[in-house]
Amino acid sequence: MYLTDEQQAVLNGSKGETMAKVMKTLVMYGETFGADKLVPVTSEYNHLVTSFGLKMMKPVFDLMQQLIDAGAVSQQKFSVDPRPLDKNVPANLLQKLIFNKFMYATQESYEKQLQELGLMNEDAFTCACYLDQVGNKPKKGDILSWAESSAVVYANSVLGARCNRNSGIMDIMGSIAGCVPHFGLLTDEGRKATWIVKVETTKKPEAQLLGSAIGMKVMEDVPFVTGMEKWLGTELNDENCAYLKDFGAATASNGAVGLYHIENLTPEAKEQGAGLIAPGAKVYIIDDAELERVQREYPVMWKNPEGAPKLCFIGCPHMSMQQLKDWTVRVEEGLKASGNKKVLVPTVFTTAPAVKKEFEKTEFARRLKDTGVILSYICPLMYMNNPLCKTMNVITSSNKLRTYTTSRYYTEAQILDIITKGGEQK
Amino acid sequence: MMEFKGRIVAPGTVTAEAVVSHGGFNTLASLQGALQFGDKKATCGDQNNPDLHGKVLAGKALCLPMTIGSTTGGLVLYCACAMGRQPACMLFSNPIDSLAAAGSILASVWLEGIQMPVIDSLGEDFLSYVKDGMTVSVREDGTVVVD
């Protein structure tokens, strides 16, 4: 791999041993994937995946401290994934004890480390950093050193930025050095689609279900999705961006997708059309029956599968402002139709702190509160990341949350039915 | 006995008992519970992986096509290495993915005395042949011998 004189000097120790290790990490990373060079990171901000002060991550905190002590801090300010704790989210005494005294006992000290390393601001804790209210929205063509899988796939696909599916820690290495290896999704060739996904459903497919089906089929490959124009049109409006946010998160978590193209909608698909499809691309057809099959085959991990739901999470990844408003209306209408005043299952909507602040300035905040729904900035995945949740029947419309926890997936319509009408769970 | 030739991602030699995942290995879902709650055997907690769910991973020859899922995967693997709960080696039938590569590289650059040979591109025949419980040896030149 070609290195500039300056990069070679850093590798040789011109900026100290720690910076040499940072550069060595990036060089080894690039060489593993046949990178030809290191290219500058050009985005204004970085985004890190590691927001949680989990005790098991002590080796990571030690590494972060090594970087801080050596002055090897990020050259960019950064946002970071959501906080794992929020006292407003229902938890019993035992859960609170485990969260605060055991699992996330190092949260406060870790957040101090993040500040020293270059955290944007105290509200910069969200997986959806690209939402307007948060302010970390890369431009088309920007080179990123991000890691959060749902943010990477969104930045690549919807914003047209360029970022590999980096791992946590590797994200901050690129930001500290100011460069990342040039391979994979940073290259034109790596952004070609090796799958054509033909959507032939009779109604608009559920974003998180469609994404799950595609992720499990194509795994790490790039899909070119056709047949969505009649459902989404050709403009990246707020509704479509929210849809693609949820769709992409499912492709990335149920598989390992870092980039997708939607015909006549996403930027590169609009510019290049079928020219984005690599020769010999495989074909996957998705119809109603295929989506039903995918949902039917999800394992049910509840200890008591016949039990009633105890908690509902909506917002993994974090909800947009428009989603919060739309869901407020849907819950109100569902309650009105069923004659109920409050949701029948404790329900938490999650969003970015900056979105939450803006939402709370609108009339929708009071209306949502009146339905009994709790609004939080928490990471539901981190909330559920403990053995106590195995005996807790949690429902969600998030296929990412389903994948990593014992929560049970339902479509948005099913969820609405359950929380407002106590509808059929199975 | 069969020999398979792959590419060396992290060098080293080791002999260990195989555990085999035919689907993508979700590093976060597989290891987070074990690392968080003191399971020194690193029992696989991924409910979506019927090949590995409930099986011991620490000290085993982990045979897999690739890793998938959350991009915390690399740091989870890094933490497993730092805590001494990593597989004895990781043997990929496909070219390695960016998350597993990151975990392996971070461990080799930033941790002292960690040895976890990683070989990739062993081919589909490797994953078809190797079964749970078989003895797997990694040689210095990247050859993997399955007994």
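1. Before looking at how helices pack, here is the ground rule: axes are lines fitted to C-alpha atoms, for helices over the stretch in contact, and angles run from 0 to 180 degrees between N-to-C directions. Helices (H or I, at least four residues) and strands (E, at least two) are DSSP runs, numbered from the N terminus. Keep in mind that this is a predicted model, where local features need pLDDT of at least 70, side-chain atom pairs count only at pLDDT 80 or more, and totals for chains, interfaces and linings use all residues. Residues are numbered from 1 along each chain as its sequence is written, chains are lettered from A and ligands numbered from 1 in the order in which they are written, and side-chain values use heavy atoms, with hydrogens and water left out.

2. Now for a spot where the two chains meet. Helix α3 of chain A (residues 58-69) packs against helix α2 of chain B (residues 73-82) at about 100°, and their axes are 8 Å apart. That makes α3(A) and α2(B) roughly perpendicular to each other (angles under 35 degrees count as roughly parallel, over 145 as roughly antiparallel, 65 to 115 as roughly perpendicular and the rest as oblique). Who does the touching? On the α3(A) side, Pro59(A), Val60(A) and Leu63(A) make the contact, and on the α2(B) side Leu75(B), Tyr78(B), Cys79(B) and Ala82(B) do (contact means heavy atoms within 4.5 Å). Sorted by class, this contact has seven nonpolar residues, no polar and no charged ones (Ala, Val, Leu, Ile, Met, Phe, Trp, Tyr, Cys and Pro count as nonpolar, Asp, Glu, Lys and Arg as charged, and the others, Gly among them, as polar).

3. Step back and take in chain A. Its secondary structure comes to 18 helices and 13 strands. The C-alpha trace of chain A spans about 70 × 55 × 40 Å along its principal axes. A compact globule of 426 residues would have a radius of gyration near 22 Å, and chain A agrees, with 22 Å (this radius is taken over C-alpha atoms, and the globule rule is 2.2 Å times the number of residues to the power 0.38). Of the 426 residues of chain A, 61% count as buried (buried means under 20% relative accessible area, exposed over 50%, partly exposed in between, with a 1.4 Å probe and protein chains only). Among contacts in chain A with a separation of 6 or more, 78% come from residues 24 or more positions apart.

4. Have a look at one sheet in chain A. Its four strands form an open sheet in the order β7-β6-β5-β8, with parallel pairing (two strands pair if DSSP finds at least two bridges between them). The edge strands are β7 (261-262) and β8 (277-286) of chain A, each pairing on one side only. Helix α8 of chain A (residues 207-218) packs on this sheet and touches β5, β6 and β8 of chain A, its direction making about 130° with that of β8(A).

5. Zoom in on β5 of chain A. Strand β5 (residues 193-199) and strand β6 (residues 223-226) of chain A are joined in the parallel sense over four bridges. Here Trp195(A) stands opposite Pro223(A), and Val197(A) stands opposite Val225(A). With β8(A), β5(A) pairs in the parallel sense over six bridges, and Lys198(A) stands opposite Ile285(A) there. Is β5(A) mostly covered or mostly open? Mostly covered: five of its seven residues are buried.

6. Eight strands make an open sheet in the order β1-β10-β9-β3-β5-β7-β8-β2 (chain B), and the pairing is mixed. At the edges sit β1 (2-5) and β2 (7-10) of chain B, each pairing on one side only. From one strand to the next, the twist averages 30°. Strands β3 (residues 14-20) and β9 (residues 135-138) of chain B run antiparallel, joined by four bridges, with Glu17(B) partnered by Thr135(B) in β9(B).

7. The peptide bond from Cys316(A) to Pro317(A) is cis, with omega near 10°, and Pro317(A) belongs to strand β9 (residues 311-319) of chain A. Ile169(A) is not a glycine, yet its phi is positive, about 80°; this residue is buried, with a relative accessible area of 2%. Ala42(B) also has a positive phi, near 50°, and counts as buried at 0% relative accessibility.
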